[in-house]
Amino acid sequence: MTGYAVNVGKMAERKEGVTVQLHREAADIEGKMLRFSDDSVKPQSASEDQKLTVDDVTLSKVKAEDSQGQTLASTTSERHASIQATLEGLETLVDLNGGQRMCICHLACRQMRASLGIDQAQARLVAHYHCVVCSVTIARKTDMISHLKRHINKGETEASYSGTSDVLYEEPVPGGQTYEIMKELGTNVQLMPNHNTPQKTDTYFNRKMKTNRQLVFCSLAVLAEERSPLECLDAFGATGIMGLQWAKHLRSAVKVTINDINEACVKMIKENCCLNHIRGEGGRIPRQQEASAEGEAPITTVEVTKMDANVIMHLRPFDYIHLDPFGTAVNYLDAAFRNVRNLGIVSVTSTDTGSLYSKSLNVTLRHYGCQIVRTEYYRELAARVVTAAIARAAARCNKGVEVLLAVALEHFVLVVVRVLRGPTQADETAKKLQQLLHCQWCEERVFLHPGNMVEENLYRQLPCQCHSGMPGKTAVELGPLWSGSLFNTGFLRRMLVAAVQHSMDDVQPLVKTLICEADCTTLKSFSVTGHSLLTNQVECGVVIKTLQKVEEADTVDQSGKRKTAEEGGTLVKKLRSEASLEHPAFYYSIHRHSIRGMNMPKLNKFLQYLSEAGFRVSRTHFDPTGVRTDATLEQFKSVLTKYSVPTYSTATSTGSVGHGITAEETGRKTD
């Protein structure tokens with residue numbers, strides 16, 4: 001018992017010593033805390049050690065319980081900051097010059113593991129930093145400096161969140177977590193500190209998907225011009241930012257429904273509705289939303305539901321459906337096409353890039369039923385795999401699809417299709433699912449014609465002659481894949497107009513690239529006038545010919561009457577006859593097919609050379625070094641070889657320069 005008492009006494013003394021040390025460190029930090037070299041920032045008194053105010057830094061509401069169950073005294077106006085500098089001074093801040101210092105935050109902002117002891121848990125309450133750009137919490141000063149340098153290198157010098165919100169939260173945040181307010185496209189959403197880690201939070205939010213959200217918004221804005229009001233569904237709301245952007249900018253043109261199966265996400269969506277002065281219907285309305293509704297009238301109304309995505313899509317019809325689950329969306333395609341209205345739009349975002357980009361071939365075969373390999377055009381291959389899965393799901397519901405947009409970037413694959421009702425359209429869609437023959441030596445590729453063929457005759461369809469000079473099998477059969485067009489020029493031009501109207505500067509260059517890629521041309525003639533865009537839409541074969549016919553078709557659909565197969569087929573055939581030539585499938589990488597020992601021409605020059613040779617040519621968003629053309633690989637290489645310059649050794653080039661002889665003259669003398 002005596003030893004036990006001594007140990008207890010030592011533990012108590014150690015705990016008391018740690019507490020005294022923490023108070024001393026807090027006092028030292030408070031006394032040493034520096035401010036700006038200029039007089040723009042006033043010094044702070046000792047009573048305001050937990051109220052550090054900095055422009056464009058997260059407004060945090062800190063309420064945490066310590067290890068003994070005591071609650072830290074804090075109010076909604078408390079703020080903390082780790083760096084006393086405006087965002088314009090990030091470059092000097094990284095160098096730590098100009099009188100700027102980094103300050104340590106001692107508030108209970110960091111999550112503590114349950115396995116930590118009392119002493120370790122108390123130590124975790126001090127000595128951490130907050131990034132002024134993304135508000136991430138970092139323990140070490142050197143790690144924070146490296147983190148800020150990465151922001152500078154990426155050009156991220158503006159805060160991606162807003163700290164000026166005066167919203168009162170209904171309940172305290174458990175575990176000492178703090179909300180941060182992020183603003184995107186004029187819409188405010190509150191996020192948890194671990195919002196970018198799906199395994200640690202239910203309200204997942206990815207900042208890198210901003211391009212995806214803007215593309216989806218533009219496609220919805222185009223459909224809203226054709227008919228209104230639209231019933232649109234965001235099947236996986238998470239924070240609700242996408243549905244809130246729809247409602248806030250399109251107002252009465254859309255009736256937005258935001259759905260999520262998770263209770264925490266539904267609660268977060270309703271709170272975000274309050275932040276944007278939008279009334280959220282469905283279930284219990286938070287008290288702060290009722291209070292704000294009394295003082296200011298809501299902008300619009302959004303319906304928030306809590307159920308499985310398959311259930312809500314089976315229960316109700318929609319004009320626009322967006323699917324963005326975590327991973328693959330194949331489990332929700334059948335339900336999406338079950339009740340979508342005729343001439344409506346379904347947009348699908350797939351983030352399982354591991355399986356789509358040929359890193360997990362067994363998963364690709366299991367989810368999509370496609371056999372693929374790693375190729376130089378793997379991103380377009382992924383877009384055609386997802387489109388094929390969408391087309392099969394639509395055909396099972398006696399519906400066809402017209403692909404309006406297919407984008408494959410680093411983090412996602414987005415496919416937007418228009419739904420065409422009827423078995424005739426379904427049959428036409430099913431015919432565009434074909435196998436692809438891919439040469440593994442030169443990476444030439446060609447879609448196989450439908451029908452059974454003898455295996456020896458398959459190689460004859462490839463333009464290359466690798467099978468004749470190589471022993472064994474040189475080609476593999478991939479698919480089934482979507483063999484039709486991936487873009488609709490008229491729809492993309494109207495998306496560009498919507499992007500300009502809503503000031504989406506980030507996505508406009510991408511949409512312009514897609515327009516050139518859809519036409520397979522390098523000419524960049526973009527018009528923002530409504531009449532020219534409408535004419536281009538008719539020329540490019542969009543299903544909807546005029547706005548008046550769209551309204552008439554919507555009226556027929558809502559009344560429950562379906563068009564006959566003859567009428568629908570006649571309309572599509574007429575528009576197809578007016579459609580422009582489809583863009584060539586796939587592209588070639590200029591670096592992949594470069595000639596060894598030769599200097600290639602610049603990419604834009606090479607596009608000009610191919611065009612002068614009589615081929616259709618354009619750049620592609622799938623690959624910055626890719627060239628989309630209707631030329632075969634042999635023709636592609638011949639033009640590339642013709643305009644490539646031999647690479648000379650250093651000694652030869654030095655001697656030529658010394659004697660005043662240029663590289664061209666040296667080449668002529670050699671010939």
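Predicted model: local features only at pLDDT ≥ 70, side-chain atom pairs only at ≥ 80, totals over all residues.
Buried here means under 20% relative accessible area, exposed means over 50%, and partly exposed is anything in between, using a 1.4 Å probe and protein chains only. Residues are numbered from 1 along each chain as its sequence is written, and side-chain values use heavy atoms, with hydrogens and water left out. Helices (H or I, at least four residues) and strands (E, at least two) are DSSP runs, numbered from the N terminus.

**Salt bridges**

- A salt bridge is a side-chain nitrogen of Lys or Arg within 4 Å of a carboxyl oxygen of Asp or Glu, and the whole structure has 16 of them.
- Arg-494 pairs up with Glu-225, with the closest N and O atoms 3.4 Å apart. Arg-494 sits in helix α17 and Glu-225 in helix α5, so this pair ties together parts that are 269 residues apart in sequence.
- Since Glu-226 belongs to helix α5 and Arg-418 to strand β12 (residues 413–421), the pair ties together parts 192 residues apart in sequence.
- Glu-226 counts as buried at 2% relative accessibility, and so does Arg-418 at 0%.
- Asp-319 and Arg-227 also meet through their side chains, at 3.9 Å from N to O. This pair links distant parts of the chain, with Asp-319 in strand β9 and Arg-227 in the loop between α5 and β5, 92 residues apart. Both Asp-319 and Arg-227 are buried.
- Shared partners join Glu-225, Glu-226, Arg-418 and Arg-494 into one salt-bridge network.

- Two strands pair if DSSP finds at least two bridges between them. On that basis, 8 strands make an open sheet with mixed pairing, in the order β7-β8-β6-β5-β9-β10-β12-β11.
- The edges are β7 (279–281) and β11 (399–408); each has a single partner strand, so one side of each is left without a neighbour in the sheet.
- Angles run from 0 to 180 degrees between N-to-C directions, with axes fitted to C-alpha atoms (for helices, over the stretch in contact). From one strand to the next, the twist averages 20°.
- Strands β6 (residues 254–259) and β8 (residues 301–305) run parallel and are joined by 3 bridges. Asn-259 has Thr-305 in β8 as its bridge partner.
- Contact means heavy atoms within 4.5 Å. Helix α6 (residues 241–250) lies across β5 (230–234), β6, β8 and β9 (318–323), and runs at about 165° to β6.

**The 3-strand sheet**

- A second open sheet has 3 strands in the order β14-β13-β15, with antiparallel pairing. Its edge strands, β14 (445–447) and β15, each pair on one side only.
- Strand β13 (residues 433–439) pairs with β15 over 6 bridges in the antiparallel sense, and Leu-436 stands opposite Leu-478 in β15.
- Helix α13 (residues 378–396) packs on this sheet and touches β13, β14 and β15, with its direction at about 50° to that of β15.

- Ser-228 and Pro-229 are joined by a cis peptide bond, with omega about 0°. You'll find Pro-229 in the loop between α5 (210–226) and β5.
- Another cis peptide bond joins Gly-479 and Pro-480, with omega about 5°; Pro-480 is in strand β15.
- Glu-443 isn't a glycine, yet its phi is positive at about 65°. It lies in the loop between β13 and β14 and counts as buried at 11% relative accessibility.
- Phe-586 also has a positive phi, near 70°, without being a glycine. Its spot is the loop between α21 (565–578) and β16 (588–589), where Phe-586 counts as buried at 2% relative accessibility.

**Asn-488**

- Asn-488 is in the loop between β15 (475–482) and α17 (489–501), and is buried with a relative accessible area of 4%.
- Its side chain reaches the backbone nitrogen of Gly-490 at 3.3 Å and that of Phe-491 at 3.1 Å. Both are polar contacts, meaning N or O atoms within 3.5 Å; within protein, one must be able to donate a hydrogen and the other to accept it, and residues adjacent in sequence count only if both atoms are side-chain atoms.
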